[in-house]
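Please look over the two chains shown below before reading on. The briefing after them is arranged by topic and is meant to be read beside the model.

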Amino acid sequence: MIIKDREKVMENAATHENWKVCFSQLAPGLLLFARQWMRSNADAEDVVQEAFVRFWRKQHSVDNRALLYATVRSIALDFIRRDSRRARREANAFSGSEQSVEPYFEVDDESQQVLHDAIDRLPHEQREVLVMKIWNEFTFAEIANVLGISQNTAASRYRYALAALKRNLLPHE
Amino acid sequence: MNDFSDLEIELEKLRPVQPSENLVTQIERALAEAPGSAATAGVLPRTQRLHWNWVTLGLGVAAAAFLVLARIDSDHSVKQAPATASAPPVSSRTTPEKADQLVVSDLSQVVYNTRNEGLLFADDSAQPVRRVRSQTRETLQWRNPSTGASLRVSYPSEEIELIPISGQ
């Protein structure tokens, strides 16, 4: 009985440590992903927390990253749907008429700030693919799975995003 | 290599903002709580919506309408033909060859919208599923060959499919 209890404690401890390890690896990318919909880091953290807790209770591993990111996306969209004022604000932000309140990235110099601003101006559907590909190292297959689109569409959006960035950055180069 | 390799290198140099220390503490607290009492981080739990099964409802309405009309039609034919009144009423309703009767002439189902609603966890399972919602319009038509009278019932229906997906 005591041995069983000890095993259970050890198992819980391992699980406890595992989630921290997994989360620490994913957290910056997850937060950046959530920021696609949330215009503040605090709101994005709320979404990431809700998604990760829901995910970890079911999965206990991050093998299926697509589901975790899809959970973040789903919660973020629910979050803004439930608050019409927030939704209007997000819609305005998505249209490019409003700059984000807080930065997505830790910028070191002016060129990175220019790049940051150019990313912020990307159409939403292109930006989310870019975020998953560059800073979360998703394959196009994983991106397609999260977004429910074809791999070709995911790859096209990525190329469009890069092309748009390059176009926007040209005057500054 | 592609035309964007330099740009991709520049993008990779950008470092996402780090989460606050508080986030790990909050997740730890939430995971320690019972699942039912988990903090929702300001997000209200998803309410269980009542989903009308429009297909069943529509078919039910159509079947009821058909039975009522068939009954009226049958009573009417019995009254008009007293010579055949001794015949069992059941046979008069079930004989498809009977001329003065509505018969199914058309059945169509048009899917006009299919929406992929993304990956999710099924209620009682850890199995991730993709929810696909299809909206259709179904039309049933009956026609009386002898009188040319027809009855058409058309109704919207919505179907939600939970399609299991393979793990990554």
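This is a predicted model: local features need pLDDT of at least 70, side-chain atom pairs count only at pLDDT 80 or more; totals for chains, interfaces and linings use all residues.

Residues are numbered from 1 along each chain as its sequence is written, chains are lettered from A and ligands numbered from 1 in the order in which they are written, and side-chain values use heavy atoms, with hydrogens and water left out. Chain A and chain B bury about 4,500 Å² between them, of which 63% is on carbon and sulfur atoms; buried area here is the accessible area (1.4 Å probe) that two parts lose on being put together, summed over both.

**Chain A**

- The secondary structure of chain A comes to 8 helices and 1 strand, in the order α-α-α-α-β-α-α-α-α along the sequence; helices (H or I, at least four residues) and strands (E, at least two) are DSSP runs, numbered from the N terminus.
- Of the 173 residues in chain A, 50% are buried, where buried means under 20% relative accessible area, exposed over 50%, and partly exposed in between (1.4 Å probe, protein chains only).
- Among contacts in chain A between residues at least 6 apart in sequence, 62% join residues at least 24 apart, a contact being heavy atoms within 4.5 Å.
- A:Ile143, which lies in helix H7 of chain A, counts as buried because its relative accessibility is 0%.
- Leaving aside neighbours within four places in sequence, A:Ile143 is in contact with A:Val129, A:Met132, A:Lys133, A:Phe138 and A:Ala154, and its C-alpha is 9.7 Å from that of A:Leu130, a residue 13 places away in sequence.
- A:Glu137 sits in the loop between H6 and H7 of chain A and has a positive phi of about 55 degrees although it is not a glycine; with a relative accessibility of 64%, A:Glu137 counts as exposed.

**Chain B**

- Chain B has 4 helices and 4 strands, which follow the pattern α-β-α-α-α-β-β-β when read along the sequence.
- Of the 168 residues of chain B, 27% count as buried, and among its contacts between residues at least 6 apart in sequence, 57% join residues at least 24 apart.
- B:Thr139 is found in strand E3 (residues 128-143) of chain B, and its relative accessible area of 13% is why B:Thr139 counts as buried.
- The side chains of B:Thr139 and B:Ser154 are joined by a polar contact of 3.2 Å; a polar contact is a pair of N or O atoms within 3.5 Å, where within protein one must be able to donate a hydrogen and the other to accept it, and residues adjacent in sequence count only if both atoms are side-chain atoms.
- Beyond neighbours within four places in sequence, the residues in contact with B:Thr139 include B:Asp106, B:Leu107, B:Ser108, B:Arg152 and B:Val153.

**The interface as a whole**

- At the interface, 57 residues of chain A are in contact with 46 residues of chain B, and in chain A it is A:Gln49, A:Arg57 and A:Glu106 that lose the most area to chain B, together 15% of what that side buries.
- The count between the two chains is 12 residue pairs in polar contact (both at pLDDT 80 or more); on the side of chain A that touches chain B, the largest share, 14 residues, comes from H2(A).
- The residues of that side of chain A divide into 32 nonpolar, 10 polar and 15 charged, with Ala, Val, Leu, Ile, Met, Phe, Trp, Tyr, Cys and Pro counted as nonpolar, Asp, Glu, Lys and Arg as charged, and the others, Gly among them, as polar.

**Particular links across the interface**

- There are 3 salt bridges between chain A and chain B, a salt bridge being a side-chain nitrogen of Lys or Arg within 4 Å of a carboxyl oxygen of Asp or Glu.
- B:Arg15 forms a salt bridge with A:Asp108, in which the closest N and O atoms are 2.9 Å apart.
- E1(A) is joined by 2 bridges to strand E1 (residues 15-16) of chain B, and the two run antiparallel; strands pair if DSSP finds at least two bridges between them.
- Within E1(B), B:Pro16 is the bridge partner of A:Phe105.
- B:Leu14 has its place in the loop between helix H1 (5-13) and E1 of chain B, and B:Leu14 is buried because its relative accessible area is 1%.
- Apart from neighbours within four places in sequence, B:Leu14 is in contact with A:Phe105, A:Val107, A:Gln112, A:Leu115, A:Ile119 and A:Trp135.
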